[in-house]
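Hi,

Here's the structure I promised to pass along.

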Amino acid sequence: MTDLITLTDAHVVHKARSGGLFGRDRVHALTGASLTVAEGETVGVVGESGCGKSTLAKVLVGVQKPTAGTVALRGADLWSMAGAARRSAVGRGIGMIFQDPSTALNRRLPVRQILRDPLDVHRVGTSAARDARVRELMELVGLPPVLAQALPGQLSGGQRQRVAIARALALDPALVVADEPTSALDVSVRAQILNLLLDLKERLGLALVFVSHDIQTVRRMSDRVVTMYLGRIVEEAPASASGARHPYTRALFSATPGLLDPIDPIPLVGPVPSATRPPSGCPFRTRCWRASAVCAAAMPEFEGADAHRYRCHHPVSADESTVALVAQAKESA
Ligand SMILES: Nc1ncnc2c1ncn2[C@@H]1O[C@H](COP(=O)(O)OP(=O)(O)O)[C@@H](O)[C@H]1O
Ligand code: SF4
Ligand SMILES: [Mg+2]
């Protein structure tokens, strides 16, 4: 498989929104993230709210410049390009689908114009060819032609997300990054949108980065699953792998057990620490039942093979049952 996009040791540090006492607080939204997505592959990203999933997505699509580290699209470093070259490379190579289609679409433009816009901006083909492409895109995402003149406000939530998906596909990108594409939608239309994404991925041979806090969906959709905690990638494993090795991944997965084997989730103590002052060493140590002195002293390096890597001083063994881990966690609490 050819590498499509490669993130190397990417950091994103924001000034804190609250400003802090002296306005000097820094939010560590993304810390030392390395990730490669190959052509045609689906990578799922999971983690609690605020752990940096959207930041990672924005860095991958070139709208967020990393404070340090690099993003390379087919080997070309995005942020050493001139602005126009970067926008062209990203615009043609990567499509982005956001969480809420009602804010992501221009409310004053009809569907036809929303879909034509990327073709106009990147000067693709003749005017007639652009019109034909708009019709083709609408058909691709299952929007009836009569909706071409409709404004976003006249559409249902599901139809709006179909427009957003069509727009992301307009320039025939190799990669689509979808950041919680169904969480703003009615439960009844979520499955339709997920199935549409899976279908498009197959038909078009897309690579897909799929961000969600719905772990079951991510595992169903993805080839690989990346777990994030407090700005860091802590595990990367094949979606089919039965045994995650990082305690946090195991805890996260245990909170959504299959219907056939209902189980108590692994209990975690205390809140997620602030991204303004992440703990020393392993960021999960304040809630981890396996933490020891070494966990406070140093962030563990990645261990394991390329296909399944994890950062933990005391990894869970792959065959350790969730029931056993629940007992361990309760005992140490
Ligand atoms: N523009 C910003 N300014 C300050 N802090 C930000 C900004 N964007 C995100 N953050 C903070 O960065 C962290 C990661 O946010 P985000 O990537 O949105 O997480 P997620 O998508 O997993 O919920 C959070 O603590 C969030 O509050
Ligand atoms: S490094 Fe230590 S604190 Fe971090 S997840 Fe592993 S055992 Fe827990
Ligand atoms: Mg988010």
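Leucine 60 is in contact with Ile5, Leu7, Val71, Val177 and Val209, leaving aside its neighbours within four places in sequence. Bear in mind that this is a predicted model. Leu60 is also among the residues with the most contacts inside the largest nonpolar core, along with Ala166, Leu175, Val177 and Val209.

On to the domains themselves. The centres of domain 1 and domain 2, taken over C-alpha atoms, are 29 Å apart. Eleven residues from domain 1 and seven residues from domain 2 make up the contact. On the domain 1 side, E2 and helix H8 (215-221) each supply at least two residues, with E2 giving the most, four residues. By class, that side of domain 1 splits into five nonpolar, three polar and three charged.

Ligand 1 is surrounded by 13 residues, and the closest are His14, Ala29, Lys53, Ser54 and Thr55. Strand E2 (26-38) turns up here too, as E2 and helix H1 (53-60) each supply at least two residues of the shell. H1 has the largest share, three residues. The shell around ligand 1 counts four nonpolar, seven polar and two charged residues.

Ligand 2 also has 13 residues around it, with Cys282, Arg285, Cys288, Cys295 and Cys312 coming nearest. Its shell divides into nine nonpolar, two polar and two charged residues.

Cheers

Methods:
Residues numbered from 1 in each chain as written. Chains lettered and ligands numbered in written order. Predicted model: local features only at pLDDT ≥ 70, side-chain atom pairs only at ≥ 80, totals over all residues. Near = placed C-beta within 6 Å. Nonpolar A, V, L, I, M, F, W, Y, C, P; charged D, E, K, R; others polar. Core = buried A, V, L, I, M, F, W, Y, C linked by C-beta atoms within 7 Å. Buried ≥ 20, exposed ≤ 12 C-beta atoms within 10 Å, placed from the backbone. Contact = placed C-beta atoms within 7 Å. Domains from an automatic or database assignment.
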